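Trainee: Before we discuss how this chain is held together by its charged side chains, could you put the sequence and the model on the screen?

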Amino acid sequence: PTNYLADEVIDDNKVNELLAKKYNETIVIAEDDSEILAYLKDELSTNFRVIAVNNGYDAVKAVMDDEVSLILSDVLMPALNGFQLCSNIKSNIATCHIPIVLLTALSDDSQRLYGFEGGADEYIQKPFNIEIVKLRIIKLLEERNRLREVFLKESQSPAGLSIETKGKVESLDD
């Protein structure tokens, strides 16, 4: 088999540039393991404003009290696990637009399917590479900002938002 990347020089300058940048967004980290929570908070604070909590219930409260751009959550936690947190956030019209990244030691595909079905935007398995976690968060936030700009532009055009729904709307995101 031909290795198509063999002649390709992988330029990591763009990646390093993104990872070194400070972003205005606030992210909530929900993790019940205090060491992992401290590590994630320390690492992600270099790029984002971080609110660290140790369960899903406090994560929902933080989202209601603050303007949050993304949630990074463990799956197995007390007082509202990651799946319940995801369901809670995605079923509320005020918060359903917030991307959710689930972190888990569970490697079972059925668990992952359950997470995606519940509205998770990304699923990252522990142990994780922190640079991949950061880059995935950055890319999710960039994507949401692009969508926001498109909708703002559309809503300010003479035609306005001419989105027609034929039949019922399937999800809150629609």
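Predicted model: local features only at pLDDT ≥ 70, side-chain atom pairs only at ≥ 80, totals over all residues.

Trainee: How many salt bridges does the structure hold?
Mentor: A pair is counted when a side-chain nitrogen of Lys or Arg lies within 4 Å of a carboxyl oxygen of Asp or Glu. By that criterion, the number of salt bridges in the structure is 9.

Trainee: How many residues apart in sequence are the parts that K126 and E31 tie together?
Mentor: The side chains of K126 and E31 meet in a salt bridge, with 2.9 Å from N to O. K126 belongs to the loop between β5 (122–125) and α6 (130–156), while E31 belongs to the loop between β1 (26–30) and α2 (34–44), so the parts that this pair ties together are separated in sequence by 95 residues.

Trainee: Is E31 buried or exposed?
Mentor: The cut-off for burial is a relative accessible area under 20%. K126, its salt-bridge partner, has a relative accessibility of 16% and therefore counts as buried. For E31 the relative accessible area is 1%, so this residue too is classed as buried.

Trainee: In which strand does R49, the salt-bridge partner of D66, lie?
Mentor: D66 and R49 form a salt bridge in which the closest N and O atoms are 3.0 Å apart. D66 sits in the loop between α3 (56–65) and β3 (70–74), and the pair ties together parts 17 residues apart in sequence because R49 lies in strand β2.

Trainee: Which helix contains K90, the residue that meets D121 in a salt bridge?
Mentor: The N to O distance between the side chains of D121 and K90 is 3.1 Å. D121 is partly exposed at 22% relative accessibility, whereas K90 is buried at 12%. D121 lies in the loop between α5 (109–117) and β5, so the pair ties together parts 31 residues apart in sequence, the other part being helix α4.

Trainee: What is the count of disulfides?
Mentor: C86 is buried at 1% relative accessibility, and C96 is buried at 5%. A disulfide requires a pair of cysteine sulfur atoms within 2.5 Å. By this rule the count of disulfides is 0.

Conventions. Residues numbered from 1 in each chain as written. Heavy atoms only, no water. Buried < 20%, exposed > 50% of the residue type's maximum accessible area, 1.4 Å probe, protein only. Helix = DSSP H or I, 4+ residues; strand = E, 2+ residues; numbered from the N terminus.
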